[in-house]
Amino acid sequence: MLSTHPAGVQSGRQFLPKVTDASPNQELLPLTARINSSDRLEIGGCDVTTLVEQFGSPLYILDEDTLRNACCQYREAFKKYYPGESQVLYASKAWSCLAVCAIASQEGLGIDVVSGGELYTALQAGVSPDKLYLHGNNKSLEELKLAINSGCTIVVDNWHELRTLGHWSSVIGNSDTNDPVRIMLRLTPGIECHTHEYIRTGHLDSKFGFDPNQLDEVFAFVSQHSALNCVGLHAHIGSQIFEQQPHQDLAGVMVQWLDKASSYGLQMQELNVGGGLGIRYTEADDPPSIEAWVKGVCTAIQNACVTQQIALPKLLCEPGRSLIGSACVTAYTVGSSKTVPGIRTYIAIDGGMSDNPRPITYQSVYRAVVANKMSAPATQTVTIAGKHCESGDILIKEATLPPSEPGDILVVLATGAYNYSMASNYNRLARPAAVVVKAGEANVILRRETYQDLMRQDCLPARLSSET
Ligand SMILES: *Cc1c(COP(=O)(O)O)cnc(C)c1O
């Protein structure tokens, strides 16, 4: 039954970071994870079991040091390997909330947003509009207006949007300054990555971005609309990528596009190579470090610019998962269990697909530890089940854990990306609270929802009310 753990599981100890200068995306636990004298897991100097007593269960626990460390590694790697200007953006769809945007911004990162809601959140967090980029393949007029009025850059995805902006910006411009609207163009590069396959084609079936075969028409259109200030090009090739070659190929392709733009008199100075660097969810995952990834991209861009004989552009990238994924864990309380003889034992926890929809959506695999039994031998393989009315609500199919009992604190690792941001209220479960921990202090960054919160949007028309 231990077949999914070729290295053999001893205890929760084995998931602790082994070196202090690790790249967060290569670790299963946050960088500050320790085991204290009570054999309990500590993150950011806080005892996880105590946090659950204080803040309730389930609980998202975000380690500030790990998030800042990942931001810093991206930022410093660009300084080290790229002689031109650079800007790292946090892809906030991974987890958009005030505190996370504020931390990323304090670390010098800009923010990429994909909706009016994410844009509003970043603005409320105090992020400077000149470091905000709005994505989306079907932005509403309202979203475009918010972007223009706030002065953020719009990453134009398609002809409909380009024509709308071309027409409309010439009428209103930026209402405060009358400046042209700052845009970038998103292109579909014909390079696509699903975690373990890498496809390079001339033509790609994707709902995002302009077809590169239409570059001439697109550049001609942009060059005829002076109310559009097109500052650069963007592409994003996928997520949870472990190979370096796709982004290096992308760099070469994008520099060629940049060169073509200049033949239309377009002075574009920015290239955004997107996000996508993977993280370690299990021992089997082996992503490159943040530094190695940045180095590969920077080298490829510089080589392509030499070949193409053009000046170095301002280089942007927009990681989401690799910035925040490993910085957070989710703590649950163990409740009921059920053994199906000869088949498996289910251990149920007090959350599930509503707080982490990735396993049911993508068959994503996670690892877990028992926070109050970190050194206990992991001798059992069990299935961790959520509490939703859905047979598929299984968080971990095969978790190797010490024998556990009701009241144990089960901690699922690397839940910072696409967990809270994809959370739902399915079965009318309230969304859990999230705390940020640092140096022994824990602060709430997202309050636990209450039954009143769940009812916030409910309306009961008078004719349906029983009290007449
Ligand atoms: C999702 C996305 C990202 C971030 O992807 P990660 O895999 O989380 O790094 C960046 N840019 C765009 C356009 C995206 O859609």
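This is a predicted model: local features need pLDDT of at least 70, side-chain atom pairs count only at pLDDT 80 or more; totals for chains, interfaces and linings use all residues.
Local features need pLDDT of at least 70, side-chain atom pairs count only at pLDDT 80 or more, and totals for chains, interfaces and linings use all residues. Residues are numbered from 1 along each chain as its sequence is written, and side-chain values use heavy atoms, without hydrogens and water.

**Aromatic pairs.** A pair of aromatic rings is described by the distance of the centres and the angle of the planes. Rings of Phe, Tyr and Trp (its six-membered ring) pair if their centres lie within 6.5 Å; planes under 30 degrees apart are stacked, over 60 edge-to-face, the rest tilted. The structure holds 8 such pairs. In one of them, tryptophan 159 and phenylalanine 221 have ring centres 5.8 Å apart and planes at 85°, so the pair is edge-to-face. Helices (H or I, at least four residues) and strands (E, at least two) are DSSP runs, numbered from the N terminus.

**Accessibility.** Buried means under 20% relative accessible area, exposed over 50%, and partly exposed in between (1.4 Å probe, protein chains only).

| Residue | Relative accessibility | Class |
|---|---|---|
| Tryptophan 159 | 18% | buried |
| Phenylalanine 221 | 16% | buried |
| Isoleucine 310 | 22% | partly exposed |

**Isoleucine 310.** This residue lies in the loop between α9 (290-308) and β14 (314-317). Beyond its neighbours within four places in sequence, isoleucine 310 is in contact (heavy atoms within 4.5 Å) with Val255, Leu258, Asp259 and Cys305.

**Helix α4.** The buried residues of α4 (residues 116-124) include Leu119 and Ala122. Their cover includes α3 (98-106) and α5 (141-150). Glycine 126 follows α4 and has a positive phi, near 90°.
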